[in-house]
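Subject: Structure handover

Hello,

Here is the structure for you to look over. My notes follow below it.

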Amino acid sequence: MEVWATALEALTALQNMALPAALRTSRWVYPIVNAAHILGLAMLFGAILPLDLRLLGVWSAIPVKTLSRVLLPVAIGGLTLSIITGLLLFSVSAAKYAATPLFQVKLLFVALAVANALLLRRSAEWQEAKVSEGPLIRTWLKLAGGFSILLWLTVILCGRFLAYI
């Protein structure tokens, strides 16, 4: 109980800082930050989706490495933009968001999606090094690609639902 009280105090202090207060009262800045957050998500999911679909067997003539070389920097840029703008949006009502179960679920799914992406990247490196090629690794990559789509869609849906509660 004492930990939550301390956390609540810190979150309240965060949301009362100058930048979050300015975001709350600005007619233009908050919507711009919100739009930048959506742009970051679009960049992230727009880059991740083709990679995951490729892992699922779509566009099998295109090497994963070729797609990855082009789309991975876009996904990383989108994730970075989403994190920065997400922190700004969070700071406006930090205590409220932190106490919202849906927000906590969203953060859990973001962590799972990023962990899945890191595992996929490592698997791609293994496959590139030809350490393990075979039906088992291909099946795992297909499952991970499908799981990635599901995770990121869940993150997006949780974020959109948060705007209405």
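The protein has seven helices and zero strands. Along the sequence the pattern reads α-α-α-α-α-α-α. Helices (H or I, at least four residues) and strands (E, at least two) are DSSP runs, numbered from the N terminus.

This is a predicted model, in which local features need pLDDT of at least 70, side-chain atom pairs count only at pLDDT 80 or more, and totals for chains, interfaces and linings use all residues. Residues are numbered from 1 along each chain as its sequence is written, and side-chain values use heavy atoms, with hydrogens and water left out.

Overall figures: the C-alpha atoms fill a box of roughly 55 × 40 × 25 Å along the principal axes. Of the 165 residues, 32% are buried. Buried means under 20% relative accessible area, exposed over 50%, and partly exposed in between (1.4 Å probe, protein chains only).

**Second largest pocket**

This pocket holds about 590 Å³ of space. Its lining counts 24 residues, and His37, Gly86, Leu89, Phe103 and Lys106 lie nearest the centre. α3, α4, α6 (101–128) and α7 (135–162) each supply at least two lining residues. α4 gives the largest share, seven residues. By class, the lining has 17 nonpolar, five polar and two charged residues.

On terms, a pocket is an open set of points on a 1 Å grid over the protein atoms alone, where a 1.4 Å probe fits, with protein on both sides within 12 Å along at least five of seven lines; lining residues have an atom within 4 Å of a point. The volume is the space filled by probe spheres set on the points, joined across faces, edges and corners. Ala, Val, Leu, Ile, Met, Phe, Trp, Tyr, Cys and Pro count as nonpolar, Asp, Glu, Lys and Arg as charged, and the others, Gly among them, as polar.

**The loop between α3 and α4**

Valine 58 sits in the loop between α3 (29–55) and α4 (64–92). Valine 58 is partly exposed, at 34% relative accessible area. Tryptophan 59 is in the loop between α3 and α4 too. Tryptophan 59 is partly exposed, at 43%. Its phi is near 55 degrees, a positive value in a residue other than glycine.

**Alanine 7**

Alanine 7 lies in helix α1 (residues 2–15). At 27% relative accessibility, alanine 7 is partly exposed. Alanine 7 and glutamine 104 are 97 residues apart in sequence, and 14 Å apart in space, C-alpha to C-alpha.

Best wishes
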